[in-house]
Amino acid sequence: MCPTRTPRPSSMGRMTLLDETALVFEGGGMRASNTAGVVAMLLEEELAFPHAFGISAGVTHAFNYASRDAWRARNAFTSFVEDPDFGGPRCFAEGKGWFNADYIYGEACQPDGPFRFLFQDFLDSPTDATISAFCVETGEPSYWSKADMPTLDRSLLMARASGTMPGFMPPVELDGLTWVDGALGPSGGIPLEAAIDKGFERFVVVMTRPRSYVKARPNPAPLRALFRDMPHVADALADRWLCYNRTRERLFELEESGRALLFFAEGAETAISNRELNLDKLIASYEAGYVQALEWKERLFEFVA
């Protein structure tokens, strides 16, 4: 079962505020177990970026980072899978999705839930957060920041929309429209363009894939057959490889010019599926990411200085 959560003192008053640099989290489902180690390191070092951007699993990172919740940062992608209501084949067969979003973004995050989201700390944080989801009806992404999330339930529903994998989780109804994973937008799952649109010119970007990774072009025919009732989703899935690789190329250009610092998940422990539910593998991925984050820390300090 999930570990017992103990209260923690707020560290917001001790945070070192940074200016002009955006913190960007790639999605990737349970591959985010690795980059959760980066979130934990950032909170331990008490660095406060002015704005965190996240898509899909990266939304959980952005929320945990903004609310200064290192406990949740680690356990959301590790011990949470021990909860029988988290997901898996049974939940998928029951129509709840491979990840049981009703529970993960609902009951579990409430004030009396095992993975409660510290919503008031999130609102009080000096770090704003922007997330994105893809609209099924229009084929366009929407971007939501803290100003769009006045209540706990609304913030959780928006986070759920951003992380809803088409075909593996039921779509989300919000404001009269239907939403799925924000990774289907033009960024391909790395919300760089959202940070640029907010006026940022420097970026710390946390990636759940290795530096050498290049997304392969899929066969569009099965996608169009599977999502024949959602043509915009089918088109976006067919084109995602192009959007994703294009964003990575832009990141490499920014890195070369000194405007971006990039973290890439590396090592055998990180080579897990975005739907991984094996606790031992997830813990190994987290611990590898945390060790790598400690090694990367000096470069981070030099960049933000």
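This briefing describes confidence, helix packing and selected residues in a predicted model. The chain averages a pLDDT of 93, and 94% of the residues score at least 70. Residues 7-13 have a pLDDT below 50, and this stretch has 13 contacts in the model beyond near neighbours in sequence. Where pLDDT is low, the predicted coordinates should not be read in detail.

**Packing of helix H1 against helix H11**

- Two packed helices are described by the angle between their axes and the distance between the axes.
- Helix H1 spans residues 32-44 and helix H11 spans residues 279-304; their axes come within 6 Å and cross at roughly 45°.
- H1 and H11 are therefore oblique to each other, and the crossing of H1 past H11 is right-handed.
- On the H1 side, the contact is made by Ser33, Asn34, Ala36, Gly37, Val38, Ala40, Met41, Leu42 and Glu44.
- These residues meet a set in H11 that includes Leu282, Tyr286, Ala293, Trp296, Lys297 and Leu300.
- By residue class, the contact of H1 with H11 comprises 13 nonpolar, 5 polar and 2 charged residues.

**Packing of helix H1 against helix H2**

- The axes of H1 and helix H2 (residues 57-66) come within 10 Å and cross at roughly 15°.
- Because angles under 35 degrees count as roughly parallel, H1 is roughly parallel to H2.
- H1 passes H2 in a crossing that is right-handed.
- Ala32, Thr35, Ala36, Val39, Leu42 and Leu43 of H1 are the residues that meet Ala57, His61, Asn64 and Tyr65 of H2.
- The contact of H1 with H2 contains 7 nonpolar and 3 polar residues, with no charged residue.

**Burial of helix H7**

- In helix H7 (residues 152-162), 8 of the 11 residues are buried, so this helix is largely enclosed by the rest of the structure.
- The buried residues of H7 are Leu152, Ser155, Leu156, Met158, Ala159, Arg160, Ala161 and Ser162.

**Residues with positive phi**

- Most residues other than glycine have a negative phi.
- Ser56, which is not a glycine, has a positive phi of about 55°.
- Ser56 occupies the loop between strand E4 (51-55) and H2, and with a relative accessible area of 5% it is buried.
- Asp175 is likewise a residue other than glycine with a positive phi, near 55°.
- Asp175 lies in the loop between strand E7 (172-174) and strand E8 (177-181).
- The relative accessible area of Asp175 is 55%, and Asp175 is therefore exposed.

**Charged residues in loops**

- Glu107 is placed in the loop between helix H5 (101-104) and helix H6 (119-124).
- Glu107 counts as exposed because its relative accessibility is 56%.
- Apart from neighbours within four places in sequence, Glu107 is in contact with Asp102 and Gly113.
- Lys215 sits in the loop between strand E9 (202-207) and helix H9 (220-226).
- Lys215 is buried, since its relative accessible area is 15%.
- Setting aside neighbours within four places in sequence, Lys215 is in contact with Arg209, Arg240, Trp241, Tyr244 and Asn245.
- Lys215 and Met149 are separated by 66 residues in sequence and by 33 Å in space, C-alpha to C-alpha.

Notes
Residues are numbered from 1 along each chain as its sequence is written. This is a predicted model: local features need pLDDT of at least 70, side-chain atom pairs count only at pLDDT 80 or more; totals for chains, interfaces and linings use all residues. Side-chain values use heavy atoms; hydrogens and water are left out. pLDDT is the predictor's confidence in each residue, from 0 to 100. Contact means heavy atoms within 4.5 Å. Axes are lines fitted to C-alpha atoms, for helices over the stretch in contact, and angles run from 0 to 180 degrees between N-to-C directions. Helices (H or I, at least four residues) and strands (E, at least two) are DSSP runs, numbered from the N terminus. Angles under 35 degrees count as roughly parallel, over 145 as roughly antiparallel, 65 to 115 as roughly perpendicular and the rest as oblique. A crossing is left-handed if the near helix is turned anticlockwise from the far one by less than a right angle, and right-handed if clockwise. Ala, Val, Leu, Ile, Met, Phe, Trp, Tyr, Cys and Pro count as nonpolar, Asp, Glu, Lys and Arg as charged, and the others, Gly among them, as polar. Buried means under 20% relative accessible area, exposed over 50%, partly exposed in between (1.4 Å probe, protein chains only).
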